[in-house]
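Please take a moment to look over the chain from one end to the other before reading on.

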Amino acid sequence: MTKNISTENREFLSRIEADISQRFLIASFFLLVMLILKFGLKFPLPTPIFYLVSLIVLFSIPVALFFEKFKEKNFNLSINCYFLCFFIDLILLTAIVYFVGGITWIIPGIYLFYTINSFWLFPTKQA
């Protein structure tokens with residue numbers, strides 16, 4: 001029984017590790033798109049959006065460092081900590097949806113993609 005749990009945790013760890021390796025690039029691209037919309041196309045976006053997206057970008061760096069340090073020592077701690085970080089990112093995205101104006105724009109599509117992404121990253125009880 002413990003062998004199955006260990007194998008399952010290793011499978012989730014490899015998925016989470018792949019997500020972490022892409023997280024900084026995706027969040028940076030999200031910030032770049034916001035800057036292009038605001039300054040390039042003169043789209044009226046509230047300033048707090050840039051702070052929230054910057055927090056997502058900056059938050060991805062310590063998450064990657066923590067996960068790299070503790071992934072081999074304690075599988076459950078690593079998965080649970082990444083779940084907490086994922087949840088904090090989801091709260092920040094909820095605030096971004098609020099500032100953008102709700103469901104009438106493309107940001108809720110990103111929010112939906114982000115939440116659906118959790119189903120393949122985490123064990124069933126967390127997803």
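A disulfide is a pair of cysteine sulfur atoms within 2.5 Å, and the structure holds 0 of them. The sulfur of C81 has its closest cysteine sulfur in C85, at 6.7 Å, which is too far for a bond. In relative accessible area, buried means under 20%, exposed over 50%, and partly exposed in between, with a 1.4 Å probe and protein chains only; by these limits C81 is partly exposed at 22%, whereas C85 is buried at 15%.

Some care is needed in reading such values, since this is a predicted model in which local features need pLDDT of at least 70 and side-chain atom pairs count only at pLDDT 80 or more, while totals for chains, interfaces and linings use all residues. Residues are numbered from 1 along each chain as its sequence is written, and side-chain values use heavy atoms, with hydrogens and water left out.

The chain has 4 helices and 0 strands, where helices (H or I, at least four residues) and strands (E, at least two) are DSSP runs numbered from the N terminus. Along the sequence this gives the pattern α-α-α-α. Of the 127 residues, 36% count as buried, and the chain exposes about 8,000 Å², of which carbon and sulfur atoms supply 73%; accessible areas come from the Shrake-Rupley method with a 1.4 Å probe, and for residues only the protein chains shown count as cover.

Contact means heavy atoms within 4.5 Å. Among contacts in the chain between residues at least 6 apart in sequence, 73% join residues at least 24 apart.

How many aromatic pairs does the structure hold? There are 2 aromatic pairs, and rings of Phe, Tyr and Trp (its six-membered ring) pair if their centres lie within 6.5 Å, with planes under 30 degrees apart counting as stacked, over 60 as edge-to-face and the rest as tilted. The rings of F39 and F50 are stacked, because their centres are 6.3 Å apart and their planes are at 20 degrees. This pair links distant parts of the chain, with F39 in helix α1 (residues 2-40) and F50 in helix α2, 11 residues apart. F39 is exposed at 52% relative accessible area, whereas F50 is buried at 12%.

Y82 and F86 form a tilted pair, 6.5 Å centre to centre with 50 degrees between the planes. Because they lie 4 residues apart in helix α3 (residues 75-100), Y82 and F86 are separated by about one helical turn. Y82 is buried at 2% relative accessibility, and F86 is buried at 4%.
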